[in-house]
Amino acid sequence: MAQVRDETGTPSEAGIGAHLLPLGAHADEEGRLVVGGVRVDDLAQEFGTPFFLYDEEHLRARCREIVAVFGRGAAFASKSFLTKAMARLAFEEGMTLDVSTGGELEVVLAAGVPGEHVILHGNNKSVAELRRAVDTGVGRIVVDSFDEIDRLDAIGELGETRLSIRVNPGVEAHTHEFIRTGQEDSKFGLSLASGEADRAIEALQDRFGDIADGAHAHIGSQILELSGFDREIEIIAPFIGRHGLREFVVGGGLGVAYLNDEFAPSLSHWAREIATACQRSGIDDRVAIGVEPGRAIVATAGMTCYRIGTIKAIAGYRTYVAVDGGMSDNPRPVLYGSGYEAFLARSVHTRRPWPVRVVGKHCESGDVIVSDGRLPEDTVVGDLLVTPVTGAYGFAMASNYNRVPRPPVIFVANGAARVVVRRESIEDLLRLEP
Ligand code: LLP
């Protein structure tokens, strides 16, 4: 079993590990990167750089893997990567869609996903968001506070929408503090230990009756050590029993490998662990068990392709390799100190002995994509540099900092590429200003 490692791990000198690339990626006879039957340098030629590239078959395979165990109880956490194309794909493959804001809800509905297959989350939902969810027949709202119960009460009839309580189990997941959510001191959910969760579900059941029939928890993200899930289930099981609940969603949070020497449990392994823990904890067979993975579905399916524009050697210190994107398309290294690998699209498996720092084009020193990267020694300006495993929380958290237009999102499958989000233009940057 993989251990949680320091987030600032060092990429290795070897060529890029196959487990960091999507299923449909390989190197051609000259060592060039091909994904979904399309050469990445051809894509750069056609669409310019930088761009987010996703292997559609990999996305579908991951959705199927989790649907095989949980059916529609498997919800895709859309916050990790949301475009209409992705929402449609996840729904087509049998998943429910988890949204955490009114904005995510609108994108998912615009993609054609029926409201009944959507779950609404959020620790501070507005009346407008709740009303819209009820009006569009959202299948389930996960209630996160007593204030929200008052707001739902004011809305009145909830139609087809069912309700769950977000329970805070008080479990500390082994992950970065900013993406840990299940500990007692948290803005999310209602505490089990203090009795708040019990009071909240009772209040909901008093007001809404049978439709308040679910429990939900989410202990954190990028979790590689599965014991936290066992603990979560064990702690929440009695709560489900004493309130006669019929649905329990264990949350998302399964981690992925970002670096050559990291390994993560598979979705199927995680699913088995959860099913076993639910049985062991005596959760009634009639309780529908669900999960909400985001990262584990999309992270490895995606990568970012940049062009190297400047190489600067600072004598006695290090070499900076600057690319045409940066913290606006991948803020994770800055936010969480996350490590990534980098390699050249023209030589996937070549050794990378040259220590470099890969940086972006933003006006601040913290704009680092790979702090301790390794590249082949013949790397030159003009080369295409790829960072793998950027499919989750990359495009999703992209910004316009320094008014850098956001990159397009390209899906590849069966030798064809389609642009599912086009590159932002200067007109887009100006469109909100009169
Ligand atoms: N369900 C709930 C209620 C969540 O809050 C989250 C993530 C998920 C599911 C999906 O978690 P996943 O399977 O993707 O770990 N921006 C951070 C991650 C924040 C995750 C927030 N909640 C990052 O880039 O690492």
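Which residues form one aromatic cluster? The cluster is made up of F52, Y54, F81, F395 and F411. The structure described here is a predicted model, in which local features need pLDDT of at least 70 and side-chain atom pairs count only at pLDDT 80 or more, while totals for chains, interfaces and linings use all residues. Residues are numbered from 1 along each chain as its sequence is written, and side-chain values use heavy atoms, with hydrogens and water left out.

The aromatic residues make a friendly place to start. A pair of aromatic rings is described by the distance of the centres and the angle of the planes. Rings of Phe, Tyr and Trp (its six-membered ring) pair if their centres lie within 6.5 Å; planes under 30 degrees apart count as stacked, over 60 as edge-to-face and the rest as tilted. Seven aromatic pairs are present in the structure. In one of them, the ring centres of F81 and F395 are 6.1 Å apart and the planes stand at 80 degrees, so this pair is edge-to-face. F81 belongs to the loop between β5 (75-77) and α3 (84-92), and F395 to the loop between β19 (384-388) and β20 (409-413), so the pair ties together parts that are 314 residues apart in sequence. Helices (H or I, at least four residues) and strands (E, at least two) are DSSP runs, numbered from the N terminus. F81 and F395 are both buried, where buried means under 20% relative accessible area, exposed over 50% and partly exposed in between (1.4 Å probe, protein chains only).

A further edge-to-face pair joins F229 and W270, at 5.6 Å centre to centre and with 75 degrees between the planes. Here F229 sits in helix α8 (residues 227-242) and W270 in helix α9 (residues 267-280), so parts that are 41 residues apart in sequence are tied together. F229 is buried, at a relative accessible area of 1%, and W270 is buried at 0%. An aromatic ring also takes part in a charge contact: the charged end of R207 sits over the ring of F208, 4.5 Å from its centre. For this, NZ of Lys or CZ of Arg must be within 6 Å of the ring centre and within 35 degrees of the ring normal.

The protein is divided into domain 1 (18-54 + 301-430) and domain 2 (56-298), with bounds that come from an automatic or database domain assignment. Their C-alpha centres lie 31 Å apart.

The largest nonpolar core holds 125 residues, of which I66, I141, L163, F239 and F248 touch the most other members. At least three residues of this core come from each of domain 1 and domain 2. Such a core is a set of buried Ala, Val, Leu, Ile, Met, Phe, Trp, Tyr and Cys residues joined through side-chain atoms within 4.5 Å. Leaving aside neighbours within four places in sequence, I66 has contacts that include M95, L267, W270 and V291.

V291 is also among the contacts of V249, together with A215, H216 and E232, again leaving aside neighbours within four places in sequence. V249 is found in strand β12 (residues 247-249) and is buried, with a relative accessible area of 5%. As for cysteines, C278 is buried at 4% and C305 at 1%. The structure holds zero disulfides, a disulfide being a pair of cysteine sulfur atoms within 2.5 Å.

Conventions: Contact = heavy atoms within 4.5 Å.
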